[in-house]
Amino acid sequence: DLEVVAGGGTFACRLNDGLDSVSLEFPLGTTSGMTTLGRDGDEPALQAELKLAAGKTYRVEFSFIDRRASLAVDGRAIPPALDLPAEHLEHRKAVAQPVQFGVHGASVVLTNFKLFRDVHLRGDGTHGGNSPFQLAANDYFLCGDNSNNSHDSREWSIPGVPEASFLGKPFLIHQPLRLGRVTVAGQERQYQAIDWTRLRWVR
């Protein structure tokens, strides 16, 4: 939650995934300009006529997940999202500073700050450690989408799944989900809902 207390200036936030950094900048108060979002060193992909007024508090959600950077303010997505190429991922480093903030020319207060990290497949289970496992020809090592509790090839006694065992064909992608909010009896609750903007057919 970002409260613009007084003054005119800018507020900035940077997220880093170990390979690239993306930055968000809001004009505050009477300052002219556009809200921008982009990869550091590139022209901003998002330039929106959105200015945060002094004396108000805004809920800001800024994400950089699966190489996609996106912004929502007060529950409303601000398009377009920025999709970075899934290239050179082998050069990605450990993230020492996942988030940075900056403010210039204004007084702001940040509250209820929460930082979530992307979910990566963990090396758990009998076949999930550092020891290599040799798959047979036309076998697949299956990994569930929830690394923490998926019962998959990392746990199965025979981790390799023959290609002939696959039935049907995937035709629709509905992940990742988006976070929704609803207020019940004065209490705000969160739930996961389909992000219709990312629903797509598999060709």
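Select aspartate 20 first: leaving out residues up to four places away in sequence, it touches Leu15, Arg39, Phe64, Arg67 and Leu84, a contact being heavy atoms within 4.5 Å. This is a predicted model, in which local features need pLDDT of at least 70 and side-chain atom pairs count only at pLDDT 80 or more, while totals for chains, interfaces and linings use all residues. Residues are numbered from 1 along each chain as its sequence is written, and side-chain values use heavy atoms, with hydrogens and water left out.

Stay on aspartate 20. It sits in the loop between S1 and S2; strands (E, at least two residues) and helices (H or I, at least four) are DSSP runs numbered from the N terminus. With a relative accessible area of 16%, aspartate 20 is buried (buried is under 20%, exposed over 50%, partly exposed in between, with a 1.4 Å probe and protein chains only).

Next, select Val22, Phe26 and Leu52, which touch the most other members of the largest nonpolar core, a set of 25 residues. A nonpolar core consists of buried Ala, Val, Leu, Ile, Met, Phe, Trp, Tyr and Cys residues joined through side-chain atoms within 4.5 Å. Colour strand S1 (2-16): it gives five residues, the largest share of this core. Among the other elements giving two or more are strand S2 (21-28) and strand S10 (99-110). Then show the surroundings of phenylalanine 26, whose contacts beyond four places in sequence include Leu2, Phe11, Leu50, Leu52, Val60 and Val73.

Move on to tyrosine 140 and phenylalanine 166. They form an edge-to-face aromatic pair, 5.4 Å centre to centre with 90° between the planes. Rings of Phe, Tyr and Trp (its six-membered ring) pair if their centres lie within 6.5 Å; planes under 30 degrees apart are stacked, over 60 edge-to-face and the rest tilted. Tyrosine 140 lies in strand S11 (residues 139-141) and phenylalanine 166 in the loop between strand S12 (160-162) and strand S13 (172-173), so the pair ties together parts 26 residues apart in sequence. Tyrosine 140 is partly exposed at 39% relative accessibility, and phenylalanine 166 is partly exposed at 39%.

Finally, show the whole chain, which has zero helices and 16 strands. Its C-alpha trace spans about 65 × 45 × 30 Å along the principal axes.
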